[in-house]
Amino acid sequence: MTPTTTVPATVTAFDLVTGLSVQRPTLKRHLSAMATMYADVEAARAQVDKDDVLVYEFYDMGVPETSGDVAYGTSITYPGKVGDEYYMTKGHFHSVLDTGEIYFCLRGTGYMLMENPEGDWQAAEFRPGQAVYVPRRYAHRSINTSATEPLITFFAFPGHAGHDYGTIETKGFRKLCVERDGRPVFIDNPKWAG
Ligand SMILES: O=P(O)(O)OC[C@H]1O[C@H](O)[C@H](O)[C@@H](O)[C@@H]1O
Ligand SMILES: [Fe+2]
């Protein structure tokens with residue numbers, strides 16, 4: 001019997017300098033879409049009024065949302081800060097909490113900030129050539145700590161995982177990544193609403 005495939009084999013080219021593919025559009029997150037997620041909301045709003053910058057963009061390759069498929073793409077977080085807090089993605093839990101994700105850093109430097117509902121948190125460093133495994137049950141957010149370079153990662157996760165943005169939008173992460181004496185440090189999030 002001929003095996004059935006629901007998705008044909010595909011080849012997608014991602015530029016290693018920009019992280020972008022000319023083959024499809026990205027989903028874009030501007031600062032206005034996440035101003036309240038930063039510790040200094042006033043600074044975020046002031047920056048939006050001046051210039052509503054593109055903080056990050058990423059691909060949804062349109063893979064079927066089944067447990068047998070693998071969703072993948074690149075994610076590009078641009079350099080910058082709101083006050084002393086580095087640019088970051090919104091971050092999310094997976095709707096199916098028991099699903100992990102893998103990120104491979106192609107360019108730039110930063111961290112993957114993770115936390116689980118039980119209160120454990122971890123920050124794993126991104127450097128080109130390093131893979132970060134996000135365990136099941138951990139919310140995850142990419143943070144760019146470079147002053148000049150985009151943070152570019154390639155990610156892959158189970159197609160049925162889904163995104164739960166609401167929990168992080170409501171509670172925030174327990175930790176923030178801020179610049180102190182020119183270096184990134186993690187501090188308690190004063191607005192965390194656990
Ligand atoms: O989902 P965000 O936190 O906004 O980050 C944007 C994207 O980042 C990663 O690359 C994930 O694998 C995507 O599933 C996610 O949608
Ligand atoms: Fe994810």
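How many bridges join strand β7 to β8?

1. This model is predicted: local features need pLDDT of at least 70, side-chain atom pairs count only at pLDDT 80 or more, and totals for chains, interfaces and linings use all residues. Residues are numbered from 1 along each chain as its sequence is written, and side-chain values use heavy atoms, with hydrogens and water left out.

2. Strand β7 (residues 110-115) is joined to β8 by 6 bridges, and the two run antiparallel. Strands here are DSSP runs (E, at least two residues), numbered from the N terminus, and two strands pair if DSSP finds at least two bridges between them. One of the bridges links Y111 to its partner E125 in β8.

3. These strands belong to an open sheet of 3 strands in the order β8-β7-β10, with antiparallel pairing. Its edge strands, β8 (121-126) and β10, each pair on one side only. On average, neighbouring strands of this sheet are turned by 20° against each other, direction ignored.

4. The structure holds 1 cavity of 30 Å³ or more. A cavity is a set of points on a 1 Å grid over the protein atoms alone where a 1.4 Å probe fits but cannot get out, and its lining residues have an atom within 4 Å of a point.

5. Residues lining the largest cavity include Y86, L113, R141 and C177. Strand β12 gives the largest share of this lining, 3 residues. By class, the lining has 6 nonpolar, no polar and 3 charged residues, where Asp, Glu, Lys and Arg count as charged, Ala, Val, Leu, Ile, Met, Phe, Trp, Tyr, Cys and Pro as nonpolar, and the others as polar.

Conventions:
Chains are lettered from A and ligands numbered from 1 in the order in which they are written. On a 1 Å grid over the protein atoms alone, a cavity is a set of points where a 1.4 Å probe fits but cannot get out, and a pocket is an open set with protein on both sides within 12 Å along at least five of seven lines; lining residues have an atom within 4 Å of a point. Grid points are joined across faces, edges and corners, and a volume is the space filled by probe spheres set on the points. Helices (H or I, at least four residues) and strands (E, at least two) are DSSP runs, numbered from the N terminus. Axes are lines fitted to C-alpha atoms, for helices over the stretch in contact, and angles run from 0 to 180 degrees between N-to-C directions.
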